[in-house]
Amino acid sequence: MQKRWMLVLALMLALSTAWAGGPSAATRVELRMPEVLMLRINGRDDPHVPVRVVAGRVTPEVLHVEVVANTAWKLTVRSTPLVGPLELPPERLLLAGEPLSTLTRPVRSGQGPAVFELPLDVWLLPGEPDGEYRAVLTFELSRP
C-alpha cells in the first residue's frame, strides 16, 4: 500500500512540474499569420497599366489604387515606352506631379490596407509631333 502511495505521489509531482513549466517542460507554441500583399489598380489585379497620350491628353487620367495588406508595404513604379512611330519617354509622364524618370523612391508606402488615387499627366514640348504616344506603367508592391 505504501508503494502505491509513493507511486501516486511521484506521478502527481511529475505532472505538477510539467504543468508549472519546470525544467523538463520545453514546449513552445507559436502562431503566425501569413503575410498578405495584394495590389489592384483601376479594379484590376494586373500591375501593368497601359497609357495612351493623344492630342496632349493622357488616358487614364487618374489611377485608383487599392492595397490589401496586413503588413508594411511600399509601392514603386517604372515606365516603359512602347516602340512605335512616337515614343513617350518616362520624363514626360507625371505621376502625382513628379516625372516618372526622377521617381527613385517609393510612390507611396504604408502599413495595412489603403485606398488612394494617383493623378497621371503628361508634359509635351511645344512643336512635338501630334499623334498617339504609348507606354506601360509597371507597379510593384513589396515589403520595405
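Five strands make up an open sheet, in the order 3-2-10-5-8 and with antiparallel pairing. Strands here are DSSP runs of type E with at least two residues, while helices are H or I runs of at least four residues, and both are numbered from the N terminus. Two strands count as paired if DSSP finds at least two bridges between them. The model is a predicted one, so local features need pLDDT of at least 70 and side-chain atom pairs count only at pLDDT 80 or more, whereas totals for chains, interfaces and linings use all residues. Residues are numbered from 1 along each chain as its sequence is written, and side-chain values use heavy atoms, with hydrogens and water left out.

Strand 3 pairs with strand 2 (residues 48-54) in the antiparallel sense, over three bridges. Arginine 52 sits opposite threonine 59 of strand 3.

Now for the charged side chains. Side chains of opposite charge can pair when their charged atoms come close. A salt bridge is taken as a side-chain nitrogen of Lys or Arg within 4 Å of a carboxyl oxygen of Asp or Glu, and by this rule there are seven salt bridges. One of them joins arginine 143 to glutamate 35, at 3.5 Å from N to O. That pair links distant parts of the chain, 108 residues apart: arginine 143 belongs to the segment after strand 10 (132-142), and glutamate 35 to the loop between helix 1 (2-19) and strand 1 (37-41). Arginine 143 is partly exposed, at 40% relative accessibility (buried means under 20% relative accessible area, exposed over 50%, partly exposed in between, with a 1.4 Å probe and protein chains only).

Arginine 40 has two partners to describe. With aspartate 45, its closest N and O atoms are 3.2 Å apart; with glutamate 66, they are 3.6 Å apart. Glutamate 66 is in strand 4 (residues 62-69) and arginine 40 in strand 1, so this pair ties together parts 26 residues apart in sequence. Through shared partners, Arg40, Asp45 and Glu66 form one network. Aspartate 45 is exposed at 58% relative accessibility, whereas arginine 40 is partly exposed at 26%, and glutamate 66 is partly exposed at 31%.
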